[in-house]
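This report describes the ligand and metal sites of a model, together with its domain assignment. Please read it beside the sequence and the coordinates.

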Amino acid sequence: MSNPILEVNNLKKYFDVKGGVFGRKVGEVKAVDDVTFTVNEGEILGIVGESGCGKSTTGKALLRLIEPTDGEVKFEDQDITQLDDEAMRKLRKDMQIIFQDPYASLNPRHTVEKIVGEPLLVHGMKSAEERKKRVKELLEVVGLRPFHASRYPHQFSGGQRQRIGIARALANNPKLIICDEPVSALDVSVQSQILNLMSDLRDEFNLTYIFIAHDLSVVKHISDRVGVMYLGKLVELADKDELYENPKHPYTQALLSAVPVADPDVIGDRVILEGDVPSPSNPPTGCPFHTRCPAAMDICSEVKPEFKEDSDQHYVACHLYD
Amino acid sequence: MSDVILELEDLHTHFFTDSGEVPAVDGVSFKVHKGEVVGVVGESGCGKSVTSLSIMQLVPSPPGRIVSGQINFKDENLAQASEKRMRQIRGNEISMIFQEPMTSLDPLFTIGNQLIEAIRMHRKMSKKEAKRKAIDMLNLVGIPRSSEVVDEYPHQLSGGMRQRVMIAMAMSCDPEVLIADEPTTALDVTIQAQILDLMRDLNKEHNTGILLITHDLGVVAEMCDRVVVMYAGQVVEEGTVREILKDPKHPYTKGLIRSLPKIHEKEQKLYSIPGTVPKVSMEQVGCRFAPRCEYAFDRCFSEDPELYDAGVERSSRCFLYDDNEEQEAGSHVESDLRS
Ligand SMILES: Nc1ncnc2c1ncn2[C@@H]1O[C@H](COP(=O)(O)OP(=O)(O)OP(=O)(O)O)[C@@H](O)[C@H]1O
Ligand SMILES: Nc1ncnc2c1ncn2[C@@H]1O[C@H](COP(=O)(O)OP(=O)(O)OP(=O)(O)O)[C@@H](O)[C@H]1O
Ligand code: SF4
Ligand SMILES: [Mg+2]
Ligand SMILES: [Mg+2]
């Protein structure tokens, strides 16, 4: 029954590091380094991981908003890394992204009406009347009001801007939406509204989401499966309940233990990660996590652990499970 | 309790837009003591950022303006301070971590240039020393490959890295007051824990008063001594962190706490407060929360509630806490609400 809508194979994105007086290339940041996963139609795949581990870069590379260095991205069985610009532009109607930084991604000179209406125009809704109506609808859907349409981005609060980005992504009823921290600036009540809305839309239109977030309770709530990234790599992937109840990778265990709880009487029993945070331009040999891993063994600094299925549909890259 | 370092008294900051005057901050009062961490929570768009920008005199003007009220910092009313004086204060005595890092990082300068400038503004140091200090600071906030990152531009950094650059900048001057507007929204929980530790150190070592704006109630529980809850430009509740999280009084706060997704529970649908925040306008009468409040009664729609006492050092802007109300109406609702 599970029908893959997106298949990502060995995706890589390296950025050049320039330096010296001549600004020559002196190295590479391996922002995404050999990531493989599939997303099924109608599924919500959560992605969590340390700041700077390559989540946003993965999201952008999937839509070719930045060109992948290597690897294959198959959307509905078509390798989109091979498509020309025109074909890619058409495809973007079906694949949308909600950007992490709403401030930087909304044109400050355009009204909300124009920002949300533009993708409609680009993909063929010629009538201004119709667009206006649809924009109003979309604003209501994300909990903004019709009068907001004539305002500019800077006239909104952080959380309101984030919702403009969501409205824009929903405009053309896409099939796949990559949501990069879509609710991080929202208070919990508005956040619940948006999360409920996103689940409803999924149920109604069989939408598929990749949901990047650092709030582990939010990710758990919305996702079907969750992937954990560390230093450009996927280190664990499993069904959400399985992952939260039985985390296998030591990084996932540390992450789950660090979640702050909204209760002043609960004293967290945290795994504090010690040791140097490694650099993606000079990743450690062997397991990328070995410099900070509380369970590291000799083999960990020498041999790269393989990302493989340890128990039913539960994938992990760690020598503890060899 | 120790000395008050910052006190807002009946602050009003309005925006004068084409479609009328918007009272974004509508009579806000609260205090921050030395060495205290005060949390500010509230619905998106309720005026948290505008309140903090007002303290720094950074409200975009036009269209915004502090219409009335006082911002007392030590012996000075900052609402009246000159731009010259404010420039001395900003990034020195009071520093701020902005909600959106891209608004305060200049895309045209490297991270190093911006940090070095901030460091040299209040410390006599050669450029070289300042650069070394800048790299140290990047390390302190957990940024890997810091010696490369100093020479990079903001767009080359991930969202969370930018946020940490801002944090490094704001903490570099050992301020007396730190205003942190959603400082950890872009950070994963392990780095968040590290940053919160840094803030706590600053708070303990230098007795810095911290105003922490966040929607993450887990962060509130961990960091704050007291909490101020805002709704539609007003303070609606105030209390200690334990009181607010365990025994919220105002119906809005109750709804907020009920909306939390819990990591150990499998709920299908999250609770959310029905409706959306109404457009705030000058003509408004009645409790701002009334249209969405499940306890609302007639009076709520015709009169403005004040902040009523709701215990020792606690207040709630809700008629259910007006002592006169108990004899008149709604006492059954009252007992229900307090249970
Ligand atoms: N345009 C760019 N040029 C050079 N390096 C970049 C660029 N964009 C990202 N990077 C680097 O790639 C790495 C991964 O960045 P990315 O934005 O994907 O992280 P992230 O997982 O989304 O982090 P966060 O949670 O902080 O948003 C970082 O080390 C960053 O410095
Ligand atoms: N330049 C402006 N012109 C007009 N209205 C503005 C302007 N800036 C902010 N506002 C309005 O002021 C109100 C308060 O905004 P503020 O940014 O303080 O909210 P906030 O509580 O920080 O919200 P969030 O949690 O989403 O960041 C909002 O309704 C917003 O639309
Ligand atoms: S492979 Fe080794 S270093 Fe890596 S996570 Fe597993 S135990 Fe830790
Ligand atoms: Mg990111
Ligand atoms: Mg704000």
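## Domains of chain B

In chain B, the domain assignment gives domain 1 (101-174) and domain 2 (251-332), the bounds being taken from an automatic or database domain assignment. The C-alpha centres of domain 1 of chain B and domain 2 of chain B are 43 Å apart.

## Basis of the values

The model is predicted, with local features requiring pLDDT of at least 70 and side-chain atom pairs counting only at pLDDT 80 or more, while totals for chains, interfaces and linings use all residues. Residues are numbered from 1 along each chain as its sequence is written, chains are lettered from A and ligands numbered from 1 in the order in which they are written, and side-chain values use heavy atoms, with hydrogens and water left out.

## Ligand 1

Ligand 1 is surrounded by 22 residues, of which A:Ser51, A:Gly52, A:Ser56, A:Thr57 and B:Gly160 are the closest; a residue is counted here if one of its heavy atoms lies within 4 Å of the ligand. Because the surrounding residues come from chains A and B, the site is shared between chains.

Polar contacts (pairs of N or O atoms within 3.5 Å; within protein, one must be able to donate a hydrogen and the other to accept it, and residues adjacent in sequence count only if both atoms are side-chain atoms) are formed from both chains. A polar side-chain atom of A:Thr57 is 2.4 Å from an oxygen atom of ligand 1, a polar side-chain atom of B:Arg145 is 3.0 Å from an oxygen atom of ligand 1, and a polar backbone atom of B:Gly159 is 3.5 Å from an oxygen atom of ligand 1. On its own ligand 1 has 640 Å² of accessible area, and the protein covers 91% of it; such areas come from the Shrake-Rupley method with a 1.4 Å probe, and for residues only the protein chains shown count as cover.

## Ligand 2

Taken alone, ligand 2 exposes 650 Å², of which the protein buries 94%.

## Magnesium ions

The magnesium ion that is ligand 4 is coordinated by A:Ser56 (OG) and A:Gln100 (OE1), at 1.9 to 2.2 Å, where donors are N, O and S atoms within 2.8 Å of the metal (3.2 Å for Na, K and Ca) and sites may look incomplete, since water is not among the atoms. A:Ser56 lies in helix α1 (residues 55-62) of chain A and A:Gln100 in the loop between β6 (95-98) and α3 (102-105) of chain A, so the pair ties together parts 44 residues apart in sequence; helices (H or I, at least four residues) and strands (E, at least two) are DSSP runs, numbered from the N terminus.

The magnesium ion that is ligand 5 is coordinated by B:Ser49 (OG) and B:Gln99 (OE1), at 2.0 to 2.1 Å.
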